[in-house]
Amino acid sequence: QEQLVESGGGLVQPGGSLRLSCVGSGSIFSFYVMGWYRQAPGKQRELVADMTSGGTTRYADAVKGRFTISRGNAKKTVYLQMNSLKPEDTAVYYCTGNEWALKNNEWDYWGQGTQVTVSS
């Protein structure tokens with residue numbers, strides 16, 4: 001059973017920074033692609049960013065230039081550096097992973113989520 005565990009969420013003031021981390025544990029050797037989604041209250045879950053093992057990235061327009069996704073040396077780790085945070089970034093952030101390339105943008109593995117709150 002593969003598990004993804006996020007950490008690093010919390011409360012931060014507007015303009016501040018946070019770094020989210022995600023580590024996979026279980027029988028899967030590596031993830032080809034890992035990413036971050038978020039869901040704000042009353043809104044649909046949306047892609048924040050994802051990254052393949054080859055370094056190809058995608059970002060939501062709302063976070064381009066402020067957030068950076070990266071992969072660790074371990075093949076089942078992913079990070080999200082979030083700078084210049086805004087109140088509208090408040091959401092539960094979920095880590096995702098797939099052993100292979102995505103089909104129909106469907107992910108096989110999800111973490112439990114970590115709360116990020118941006119407020120003064």
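Ground rules first. Since the model is predicted, local features need pLDDT of at least 70 and side-chain atom pairs count only at pLDDT 80 or more, while totals for chains, interfaces and linings use all residues. Residues are numbered from 1 along each chain as its sequence is written, and side-chain values use heavy atoms, with hydrogens and water left out.

I looked up the strand order and got an open sheet of 4 strands, 1-3-8-7, with antiparallel pairing. Strands here are DSSP runs of E, at least two residues, numbered from the N terminus; two of them pair if DSSP finds at least two bridges between them. Strand 1 and strand 7 are the edges, each pairing on one side only. On average, neighbouring strands are turned by 15° against each other, direction ignored, with axes as lines fitted to C-alpha atoms.

**Pairings.** Strand 1 (residues 3-7) meets strand 3 (residues 18-25) antiparallel, through 5 bridges; there I found Leu 4 partnered with Gly 24. Strand 3 also runs antiparallel to strand 8 (residues 77-82), over 6 bridges. In that pair, Val 23 stands opposite Thr 77, and Arg 19 faces Gln 81.

**Phe 67.** I then checked Phe 67, which sits in strand 7 (residues 67-71). Buried or exposed, I wondered about Phe 67? Phe 67 counts as buried because its relative accessibility is 2%, the cut-off being under 20% with a 1.4 Å probe, protein chains only. Beyond its neighbours within four places in sequence, its contacts include Arg 38, Tyr 59, Gln 81 and Tyr 93 (heavy atoms within 4.5 Å). Gly 54, 13 residues away in sequence, lies 19 Å from Phe 67, C-alpha to C-alpha.

Conventions: Buried means under 20% relative accessible area, exposed over 50%, partly exposed in between (1.4 Å probe, protein chains only). Axes are lines fitted to C-alpha atoms, for helices over the stretch in contact, and angles run from 0 to 180 degrees between N-to-C directions.
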